[in-house]
Amino acid sequence: MARSINQNVSPHGADAARPRARANVYGSALPDFRNLGVQLRILLIVNAVALVAAVVKSPSLTALGAQITELAAMVEPLLILTLVLLYLLNGVLARLPYAAGALAVMALTLVLTTLLHAGALRYLPLNVTSVGRYWLLVGLVTAMLLCYFDLRVRALSPAIAEARLQALQARIQPHFLFNSINAVLSLIRQEPKRAETALEDMAELFRVLMADNRELTPLAREVELCRQYLGIEQLRLGERLKVEWHIDKMPVDAMVPPLVLQPLLENAVYHGIEPRTEPGVVSINIYATREEVHAVLRNPYSRDRDHHAGNNMALGNIRERLQLHFDAEASLSSRVSDDEYQVRIVMPYRKEKK
Amino acid sequence: MISMPLRIVIVDDEAPARSRLRDLLADCEATLPLEIAGEAASGPQALEMVVQQRADVVLLDIRMPGMDGIETAQHLRKLGDPPAIIFTTAYDAYALKAFEVHAIDYLLKPIRAARLLEALTQARGAIAPKQRRWPTCAAHRARRYRRASVAKCI
C-alpha cells in the first residue's frame with residue numbers, strides 16, 4: 001500500500017502533488033490546469049488586465065462601459081476556450097518538460113487567437129484591427145501568467161512546501177504522549193493484555209505521527225488511525241468518552257492528507273471531554289458526494305470551561321495542509337453553538353490508484 | 001512517631017492514573033510506612049476525603065474537570081491542619097503555580113517509584129514537627145476530624 005501511495009501517479013489522485021513532483025526534477029513547472037484555484041487565478045488576472053486595458057484605451061469615463069464590453073467580446077471567448085483546452089490537455093502538458101510545455105501553452109493561445117480573430121472578422125460587426133496586435137497582446141499576457149505560475153510554484157517549491165508540511169506534521173502533543181504512557185503503565189500489572197494492545201496502538205499512532213507524511217493517504221487508513229487514537233484515550237477517560245461513528249457512507253478509497261482528522265479528535269477530547277465531569281459524546285460523520293468528501297466532527301462545548309488557543313493552532317495547521325494539497329478546492333470551517341462545537345472539512349474526492 | 005504510617009489520599013480524575021499511584025505506593029511501602037487513606041476523582045471529593053480520613057499527604061492531579069488541582073490545593077491550605085500536597089501532572093507548565101500554593105513537591109507523570117518515595121520522605125519530614133508539637137493530640141487523631149482536634153489542642 002505504501003508503494004502505491006508513494007508512486008501516486010493516478011490522473012486524479014496526484015493532480016495536486018504532480019506540479020511539485022515535476023518541479024523536483026525540472027525546477028520550473030506548469031500549474032495544474034484542472035485545479036480550481038489555478039483556473040480562478042487565470043480568470044481573475046486576465047480580466048484585471050482587460051480592465052486596465054479598457055481604462056487606458058477609453059477616452060472618457062462615460063465611454064468606459066462600451067470599451068469594456070467591446071474588449072470583453074474579444075477576451076472572454078478566448079479566455080474560456082483556452083481554459084477548457086488547457087483543462088483537457090492537462091495530462092499531455094504535464095508529461096512535457098517545462099520549456100516544451102510552456103511553449104505549447106503559448107502556441108495554443110496564439111492559435112486560438114488567430115482562429116477567433118478570423119472568426120470575428122467574418123461574423124461579427126466589430127472594429128477589429130490586424131491580427132499582429134492581438135498576437136502581441138495575448139502573447140504578453142500568456143507570458144506574464146506563465147511567469148506568475150512559475151514564481152508561485154517556486155514560492156511553494158518542494159523544499160519550502162515540503163519543509164512546511166513536515167514542520168506542520170511533527171507537532172506531537174506532549175501531554176498526550178505522557179498521559180498515554182502513564183495509562184499504559186497503570187495497566188501493566190493488572191491487565192497485561194490490554195497494556196499490550198494499548199502499546200501496539202500507540203506504536204502505530206506514533207509511527208504515523210513521525211512518518212514522512214507528505215503524500216496523500218487512503219481515508220480508511222486515517223479512520224483506522226483515529227480509532228487507535230480514541231482507543232488509547234478511552235483507556236484514560238473510560239466512561240467519560242463516548243464515540244459515535246457515522247461512516248457507513250464513507251468513501252474508503254478517497255485520498256486525504258495524513259493526520260487530517262486525528263488532530264481534530266485530539267482537540268475534541270482535550271477541549272470537549274477532559275474539562276467535563278459528566279460523560280460526553282464525540283461524533284464523527286464522514287460521507288461523500290460525487291466530487292467531494294465531507295468530514296464533520298462534533299464535540300460538547302461549554303463557553304466558561306474552554307480555552308481555545310491550542311485549538312486554533314491545530315485548525316490553522318490542518319487548514320494550511322489542506323491548502324498545500326488541494327489549494328482552493330478544500331475547506332475547513334468550525335462553528336460553535338450553545339453546547340456543541342463542530343468542525344467540517346470538505347475535500348475533493350480523489351480516488352486511490354488501484 | 002516515625003513508625004506511624006503516612007496517611008495518603010490519591011486524587012486524580014483518571015482511573016488508570018489512580019491505579020498506577022496505588023501500585024507505586026505499594027512499592028514504596030517497604031521503605032516508608034504508609035497507608036492509602038482514600039481515593040478521590042475530583043477536587044470536592046478530595047476535600048471531603050482529606051477531612052474525613054485525616055490525611056497527611058495528598059497526591060493531587062492538576063488538570064481535572066470542574067475544580068482543578070491548584071484550586072483544590074488552595075482550599076486544602078485553609079484547613080486547620082493542612083495536609084502536605086504533592087502535585088502529580090503530565091504538564092510541566094504548572095510548576096510555578098504549584099509552588100505558589102506551597103506544594104511539597106511536583107511530580108511529572110509518568111512517575112517513578114524512587115521519585116515518589118523521595119517526595120513522600122520530604123513530606124514526612126514536613127509533617128513530623130507538627131506531630132512532635134502536639135504529642136497528646138496524635139493519639140486522638142485516629143478518631144477525630146483534623147480541624148476539631150487542632151482546635152482542642154490550641
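I take helices (H or I, at least four residues) and strands (E, at least two) as DSSP runs, numbered from the N terminus. With that, I read chain B along its sequence as β-α-β-α-β-α-β-α-β-α-α-α. I find seven helices and five strands there.

This is a predicted model; local features need pLDDT of at least 70, side-chain atom pairs count only at pLDDT 80 or more, and totals for chains, interfaces and linings use all residues. Residues are numbered from 1 along each chain as its sequence is written, with chains lettered from A and ligands numbered from 1 in the order in which they are written.

I checked confidence next. pLDDT is the predictor's confidence in each residue, from 0 to 100. Chain B has a mean of 83, and 81% of its residues reach 70 or more. Over residues 132–154 of chain B, pLDDT stays under 50. Where pLDDT is low, predicted coordinates should not be read in detail. I note ipTM 0.73 and pTM 0.68 for the model.

Then I looked up contacts (C-beta atoms, placed from the backbone, within 7 Å). In chain B, 65% of the contacts with a separation of 6 or more join residues 24 or more positions apart. The contact between the chains takes 14 residues from chain B and 19 residues from chain A.

Last, I turned to helix H10 of chain A, residues 219–237. Just after H10(A), I see A:Gly238 with a positive phi of about 55°.

Key. Expected span 1.5 Å × (residues − 1). Contact = placed C-beta atoms within 7 Å.
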